[in-house]
Amino acid sequence: MSIPSEPSPITLRVTQNGDSALARSFYDEVGGRATFEKLVRAFYDGVATDPVLVEMYPEEDHEGAIQRLTGFLEQYWGGPGTYSEERGHPRLRMRHMPFKVNPDARDRWLTHMRAAVDTLELPPLQDATLWGYLDRAAHAMVNTFEE
């Protein structure tokens with residue numbers, strides 16, 4: 001006599017054979033808005049001490065810059081879409097064109113962002129995932145090789 005097997009559970013997919021619709025986003029995995037706001041605030045603490053980068057971030061718009069970068073990152077990683085609702089398409093390169101983003105500025109940005117990521121004490125895979133994106137994005141923002 002055979003024992004009837006339990007039916008297989010149904011998995012909802014975002015696309016045919018794609019990721020599970022019920023999978024947690026990276027945003028949720030790392031702790032949501034609180035994590036991204038901690039990251040961005042630590043980053044801007046470093047920027048405030050950097051003689052090259054501080055010129056790109058006016059002190060009177062410090063909080064606005066924090067909220068914009070936090071919103072962008074949380075949306076990118078699967079959180080609320082508030083950034084696009086308020087500002088439209090991110091257009092990162094276009095938004096950075098008014099600033100001289102040369103390799104020195106990029107490297108300084110990466111130094112402060114690396115220190116900020118380290119404050120999160122993420123598990124290695126999540127750290128590498130986040131850092132990989134930030135590193136690629138920083139390289140993509142270079143718009144001049146002039147000093």
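Predicted model: local features only at pLDDT ≥ 70, side-chain atom pairs only at ≥ 80, totals over all residues.

User: Why is serine 25 called buried?

Analyst: Serine 25 has a relative accessible area of 16%. Buried means under 20%, so serine 25, at 16%, is classed as buried. Serine 25 is found in the segment before α1 (26-29).

User: Which residues is serine 25 in contact with, leaving aside its neighbours within four places in sequence?

Analyst: Trp77 and Gly78 are in contact with serine 25 on that basis. The term contact requires heavy atoms within 4.5 Å.

User: What makes glutamate 59 exposed?

Analyst: The relative accessible area of glutamate 59 is 70%. Exposed means over 50%; therefore glutamate 59 is counted as exposed. Glutamate 59 is found in the loop between α2 and α3. Its C-alpha atom is separated by 8.5 Å from that of alanine 48, and the two residues are eleven apart along the chain.

User: What makes a set of residues a nonpolar core, and which residues have the most contacts inside the largest one?

Analyst: The members must be buried residues of the listed nonpolar types, joined through side-chain atoms within 4.5 Å. The largest such core has 33 residues, and Leu73, Met113 and Leu130 have the most contacts inside it. The elements that give two or more residues to this core are α1, α2, α3, α6 and α7, with α6 giving the most, seven residues. Leaving aside neighbours within four places in sequence, leucine 130 is in contact with Phe26, Phe36, Leu39, Trp77, Val117, Leu120 and Leu122. In soluble globular proteins, nonpolar side chains tend to be buried together.

User: How do you know which residues line the largest pocket, and how do they divide by type?

Analyst: A lining residue has an atom within 4 Å of a pocket point, and 27 residues line the largest pocket. Tyr44, Tyr57, Leu69, His96 and Trp109 lie nearest its centre. The lining divides into 21 nonpolar, one polar and five charged residues. α3 gives the most to this lining, with five residues. About 700 Å³ of space lies in the largest pocket.

Conventions: Residues numbered from 1 in each chain as written. Heavy atoms only, no water. 1 Å grid on protein atoms, 1.4 Å probe; cavity = no way out; pocket = protein on both sides within 12 Å on 5 of 7 lines; lining within 4 Å. Points joined across faces, edges and corners; volume = space filled by probe spheres on them. Helix = DSSP H or I, 4+ residues; strand = E, 2+ residues; numbered from the N terminus. Nonpolar A, V, L, I, M, F, W, Y, C, P; charged D, E, K, R; others polar. Buried < 20%, exposed > 50% of the residue type's maximum accessible area, 1.4 Å probe, protein only.
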